[in-house]
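Hi everyone, thanks for making time this morning. Let me put the model up, and then we can walk through a few spots together.

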Amino acid sequence: VEHEVQTEEANDQSRKYPARCELFHSTSRLVFAVRQCQGLSTEIKHSVESIYFVGLVKAFVQGKIEFASLITSVSDKRLKTWQTQLNNKASKICFIANELAELMSKCTTCIDSDGNARVSHLMKGLVGLGDNGHDQSESLDIAPLAQFSESLLWFWKFMNNRIDATSPSENAVKDRLLVSVCAAIIALCGSPGVSVDFTSSMSERKYSPTNSDYFDSDNSVNGVFLPDVSVESELQHSKRTLTRKYCQLTQCISLVFEFSEKAASRDGCYPSSQHGPFLSLVAVRTLSNMADEIFTLFSEDIWNEEWPYGARECGSTLDSVLSKAYSSIYGFSLTGQAQNSDSSKCYAPESIMAAAQLFRSVKRVYNKHNRRSPPTKAFETMEMALPVVEENAVSKSIRGYMFDADKDVDAVRFSRVDTPNGFPEWVFHETQSGIGASDEDSSCVEILRRGICRELAKCPISHIGSDEPDEGNEGLSEERESTQRYELSLGRKFRAVIDDLSYDPKNIENWMVLSECLGFKADIICDRLVRENDPYDTSDFCPPMNATKSLAARSLDELHEIQSSEYTRRNWHPFIGKDLSAYMQYPWSNLNSLRDCSKHVESSLSPVSESGHESETVDLQIWREIESIFEKGEYTSWANAWAGMFVTALRTMRMKALRVARYLAKKKLGKMHPSEVCEDIGTALYGDLMASTVYGFPMQRMSNHEKRAIAEGTKYYFEEAIELSKSVDYASDSKTESWEVQFMIGKCCEKIASTLREEIYPTDDCPKRRIYETMMTEAIQNYSAALRDAQKVEKAGGGQDNKNGGSSHGSREVLYRLHATRFKVLFSAIRLAADDFGLAEIEACRISSTSWFDDSNKLQTSDDDVRLKTWDLYVDCVQGLASCRKGISYFHRAAYRLAQALLWAPAFHDPRFCFHEGSIESIPPFKRGRIS
């Protein structure tokens, strides 16, 4: 009968539970609505929250009593009735604990500027304090707080109990309670000051705790607040006690979070679930506020990157737990631990203050003593919380300069003046305030915005394939998907740097990074173009059946005039659109993204020019022409058409950024030496010569006139780099390696010479040597000087030349280039027809004899016998190429050029009879033995 009565009471309680549960939820919604009401005063809101909080605490204490009674009862725990009761009471405890954790984590203890603890209105209401705080200490009733703490500790022991045998239902309930109870304990740790302050006020004898009572091995806490006198004041005692209390609470939170870390990423019906996993969110709120209060307690700026002396170990523990909690919410790791969050979910900081606290935590972890770079995703996450603001005048001017769609790209590329064309120099004279304690008038939003811009600009540029693949890759191949991620990464980096420049336009490093982002994207597009014609001619690898007829039949003036007329571009356009930002915003490698870019550009064009510029209406016509290619289904040709304009637009913007950097460096407005900037400009210009292609629409083969103009401009900047590197007018040291620049000057001379190969050979009437000979001789001289300097540098460094293939600019690379160029000079002469062969061979011998691989080769014959001297030079070139092949077995260019040289050996022996099928065996043994 007694069992039946108990069962009936349990069933009655089960029937009442849904109504009670709905009452709790309704009250919660009502309080939330009151808290969000704009018309109520803060005092009224605090009053409602306090009343609700006190009621929740009482309900939690009572719920613990009922829960403990049920757990310790002698009822059969296998009965469904008992299990239902247990689940109902656990649900009630979870709901109350969640509400308590939500309230306490948002209303933590604050530290006044004078070092006194200012407890929250929730705790004041719980212990019976009024608005005047300590003045009403006589009415203090700490029984509710003590009962609440005891209830939380009981649940903590219940969840930690691994000794007593428990039923499966109890184990499931422990897992359900884990997040809620641990969140409530962590949140309660954020409210120190009540028991400590009032214990000292109610007791006649002050309590002086020792280090053994608290966690913190930093003994400097003992003397942090001690003055020169032996007696400490009330304020100093309060500060010391609060410091130790924060150390203890930090350790408590660390232990609780470590125990519940497996549930740190758990989602569910929790408060503020839109901002992330509840347990981690509560830990972040509590610990972030504690961090700010510790800095305030030590009278230091909360934006400092290092913890105050006396709280460093405590701060290190606090940041460690914060890092784990942030990893569970946002998915990035600050301390190298595995990420716990679901990468498919993306949370933004719940407020500006939360974003600022995240920023300060990242800066503390990655302070000046940490050589690692903070994760870019951390600052991108903070950026999500920032409100959209209107651009300032400096930002508009910089963007206007960079994105100006002026079609005169040659004016940007070939200009040699110091002042960048069209750049608003007034931005360099704008006063920009800094970030930190000195910036007292700036709001938290502005400080955070500037800090994020600066940190994103400082983050290293990612490498292709370094980013994690996206889940929704739109069916792209692995290579295309990787390229798209890289383009998007470069776009984000570009935006971050240009944003930071709006605060610090004189930052040369940022202008250089801007150029790198633009250059990398242009290069990756060039590498992935589907070329309709192979720009590399390999028809001369083997000897042809007939000799080549020389075209060297024009005077230098005639040659210049003809090439200049060929340079006139007709129906060619570098890019279309009103501004160039779209070419950096949209990835080219994704067809869908490229379609979006096309629509974006088309939307900015108008059939009737509003500004009166004819180019706007022409742009629309070009856009329709390109669009017609897409409509025909020729997607490769359509993508190639856009690729040409992408490359030209990106390289134009890159040159603009480099010109600003050069201006700043030469004006001594930054820390970078101008020789380094000039070297980068030269390298960028030389890149335009690669593949001999004029990008834009339509893409064209580069004319000799344009090739020579680019090469001359490139040579100018390389020579300026060497000249500036020797100057002592600049405070910073030049990092320019002169031998590397000399090597590039030699390549420029070679490019210039290749455009003037058709100049007529000197005669008795006109004995002046050809420009071709002059430039090729200069090229070989520069290669020789670069080789000597490179070998000296490598010898001084105690190492050998770089053996990572043939693309590195080590001494082996210079050696190869030197003798490959000498061979090509001889090769160009030897393949000519008999009527032009004599003058060409004499010129080639003069050029190639400027430098020798082995001086013993030039002693074999006299200078009078041109045929034998040509063979000596040929043998010397072959030996030089062979040394590169032997030194680096996988030096592919040396292998190719050496094979070509050996195939043409019969022609070098006797040019008159070589243009037919033959063998190296046709060469006399005494000559053949020198190249075998």
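Ser238 sits in helix H8, which spans residues 234–259; helices here are DSSP runs of H or I with at least four residues, numbered from the N terminus. Keep in mind that this is a predicted model, where local features need pLDDT of at least 70 and side-chain atom pairs 80 or more, while totals for chains, interfaces and linings use all residues. Residues are numbered from 1 along each chain as its sequence is written, and side-chain values use heavy atoms, leaving out hydrogens and water.

Is Ser238 buried or exposed? Ser238 is buried, because its relative accessible area is 13%, and buried means under 20%, exposed over 50%, partly exposed in between, with a 1.4 Å probe and protein chains only. Its C-alpha atom is 9.4 Å from that of Gly193, 45 residues away along the chain.

Now, the cysteines. Cys453 is buried at 9%, whereas Cys444 is partly exposed at 25%. The structure has zero disulfides, that is, pairs of cysteine sulfur atoms within 2.5 Å.

On to a helix pair. H15 (residues 444–458) and H16 (residues 478–501) pack at about 130°, axes 8 Å apart; axes are lines fitted to C-alpha atoms over the stretch in contact, and angles run from 0 to 180 degrees between N-to-C directions. So H15 is oblique to H16, since under 35 degrees is roughly parallel, over 145 roughly antiparallel, 65 to 115 roughly perpendicular and the rest oblique.

Who meets whom? Cys453 and Arg454 are among the H15 residues in contact with H16, whose side includes Lys493 and Asp500; contact means heavy atoms within 4.5 Å.

Technical notes. Helices (H or I, at least four residues) and strands (E, at least two) are DSSP runs, numbered from the N terminus.
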